[in-house]
Amino acid sequence: RAVESQSEGQCAPVDSLWRRYSEFELLRNYLSVTYPHIVVPPLPEKRADFVWHKLSADNMDPDFVERRRIGLENFLLRVASHPVLCEDKIFYSFLTQEGGWKEMVSETGFQLKADSRLKALNATFRVKNPDKRFTELKHYSDELQSVISHLLRVRARVADRLYGVYKVHGNYGRVFSEWSAIEKEMGDGLQSAGHHMDVYAASIDDILEEEEHYADQLKEYLFYAEALRAVCRKHELMQYDLEMAAQDLTSKKQQCEELATGTVRTFSLKGMTSKLFGQETTEQREAKIKVLEEQIQEGEEQLKSKNLEGRDFVKSAWADIERFKEQKNHDLKEALISYAVMQISMCKKGIQVWTNAKECFSKM
């Protein structure tokens with residue numbers, strides 16, 4: 001909701017509007033390209049993954065749609081609380097303009113800035129002097145994704161088994177009810193105990209639905225791992241461009257020196273051509289030297305610019321990564337504690353059910 005004060009005669013900004021999931025994807029892609037040094041918050045999954053088998057994995061299931069809505073709202077809150085992203089005009093338009101928003105994004109030309117996957121892959125394998133910190137960060141993001149994936153799989157298996165244990169308790173309820181029908185003095189106690197067991201068996205659906213919300217908190221950091229890798233890839237691309245510019249500058253300086261001295265250090269097609277068809281005239285050689293000198297001067301300025309750009313990127317990226325680490329430690333700690341508290345509460349409910357059953361048996 002916009003909090004800016006409105007002047008008299010101006011229409012108040014809308015306080016609610018519809019957005020499709022694809023529009024959230026467009027917003028995030030725009031932010032990722034426009035702010036390459038920032039760990040842009042991830043979107044929630046479009047289709048359910050790592051779920052226990054009794055829970056619907058249908059992306060149109062009402063419970064899943066509601067959890068995804070909460071995840072999308074969390075994405076907006078993450079962006080709104082970011083010191084840089086919150087100031088973006090496109091983000092503000094996303095929140096306040098009913099129509100014409102996509103056109104505004106297209107006009108920014110962000111797609112032209114997007115680096116191709118092929119170039120990114122090439123940079124990964126051809127960078128000669130990678131920054132050790134970003135290399136370690138990329139390995140960390142891979143390990144973080146692996147650990148959280150494993151944790152979510154274990155949780156899903158535990159949830160499956162827990163679901164079975166709870167539902168089997170419903171058999172206690174059925175058997176106690178049947179038994180109560182043939183017992184006169186024990187009947188009421190058995191019937192009451194059976195009722196407690198039925199309630200206990202039915203409670204697992206709400207418990208595991210609540211547990212899915214804690215799983216979604218872990219999934220957010222599963223997807224954050226890819227956001228970290230994206231920053232690392234952007235740095236690799238910048239380093240690759242820098243090294244290519246330095247290599248091109250060195251090559252031009254060597255060509256200029258060879259033309260000036262008349263000596264060829266390395267084998268080249270140009271050298272073979274001059275041997276076969278004769279040497280260039282002095283005027284031709286001087287013209288080429290002049291062109292090369294201009295290109296060298298331009299290359300040196302370009303290299304200096306890329307060096308400054310690279311240093312600024314590293315400084316900004318590392319500041320945002322430190323901010324992300326602090327946020328991650330706080331959020332994961334809170335999620336794990338909440339999950340533990342929920343498990344403790346669930347166990348206490350189980351103890352209470354059997355305590356109640358014990359009292360029912362005692363009164364028989």
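The following is a short exchange about a predicted model.

Local features here need pLDDT of at least 70, and side-chain atom pairs count only at pLDDT 80 or more, while totals for chains, interfaces and linings use all residues. Residues are numbered from 1 along each chain as its sequence is written, and side-chain values use heavy atoms, with hydrogens and water left out.

Trainee: How many helices and strands does the chain have?

Mentor: Helices (H or I, at least four residues) and strands (E, at least two) are DSSP runs, numbered from the N terminus. Read along the sequence, the pattern is α-α-α-α-α-α-α-α-α-α-α. The count is eleven helices and zero strands.

Trainee: Is T96 buried or exposed?

Mentor: T96 belongs to helix α3, residues 89-96. Buried means under 20% relative accessible area, exposed over 50%, and partly exposed in between, with a 1.4 Å probe and protein chains only. The relative accessible area of T96 is 14%, so T96 is buried.

Trainee: Are α2 and α3 parallel or oblique to each other?

Mentor: Axes are lines fitted to C-alpha atoms, for helices over the stretch in contact, and angles run from 0 to 180 degrees between N-to-C directions. The axes of α2 (residues 62-81) and α3 cross at roughly 140°. Angles under 35 degrees count as roughly parallel, over 145 as roughly antiparallel, 65 to 115 as roughly perpendicular and the rest as oblique. The two helices are therefore oblique.
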